Amino acid sequence: MFDLMSIGFKYVFVFIIYLFIFTIIRMIYLDIRNVDYGNLDSGSYLKLLNRIDTLPYNLSDSYPVETELTLGRQKDNTIQIKDPYISKHHFRIIKDEEEFFLEDLGSSNGTYLNGEKVLDVTRIRKGDMLKVGELEFIFIDRE
């Protein structure tokens, strides 16, 4: 009797392990399938470092930077973010002669580049970290 129950528990335990492994593989597959590689192949872009699911507003994972990119709360910005720590027109990135420059547009809480407050138009390079309010971005340049 106990031998029969022991064999039954073994099969149930093995089934639960296989179900767990299948669930993990399925989650990995779904996560990889939902990644958008469209704008990551070439060009320049801002990559959000914060976890999107922890933010109270909708954001994209990355934003392409072509000739000009603006960030702020107003609708006329390239990136519109409804965050109380972000000004109506917070900062602007401009491309000039194949180089990119960051300009704070008089924001209340400031724009930080690699931990230092941006006071004047500053050149940004690949790998530079931008902090605006609670958001952190990394500048990627694949050109």
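**Reading the overall form of a predicted model**

Tutor: The protein has one helix and 11 strands, where helices are DSSP runs of H or I of at least four residues and strands are runs of E of at least two, numbered from the N terminus. This is a predicted model, in which local features need pLDDT of at least 70, side-chain atom pairs count only at pLDDT 80 or more, and totals for chains, interfaces and linings use all residues. Residues are numbered from 1 along each chain as its sequence is written, and side-chain values use heavy atoms, with hydrogens and water left out.

Student: Which pattern do these elements follow along the sequence?

Tutor: The order is α-β-β-β-β-β-β-β-β-β-β-β.

Student: What radius of gyration does the protein have?

Tutor: The radius is taken over C-alpha atoms, and the globule rule is 2.2 Å times the number of residues to the power 0.38. A compact globule of 143 residues would have a value near 15 Å, but the protein has 23 Å. Its C-alpha atoms fill a box of roughly 80 × 35 × 25 Å along the principal axes.

Student: How many residues does helix α1 have?

Tutor: The expected span of a helix is 1.5 Å times one less than its number of residues. Helix α1 (residues 2–33) has 32 residues and reaches 46 Å from its first C-alpha to its last, close to the 46 Å expected.

Student: Why does α1 lie largely in the open?

Tutor: Buried means under 20% relative accessible area, with a 1.4 Å probe and protein chains only. The number of buried residues in α1 is zero, so the helix lies largely in the open. Of the 143 residues of the protein, 31% count as buried.

Notes:
Buried < 20%, exposed > 50% of the residue type's maximum accessible area, 1.4 Å probe, protein only.
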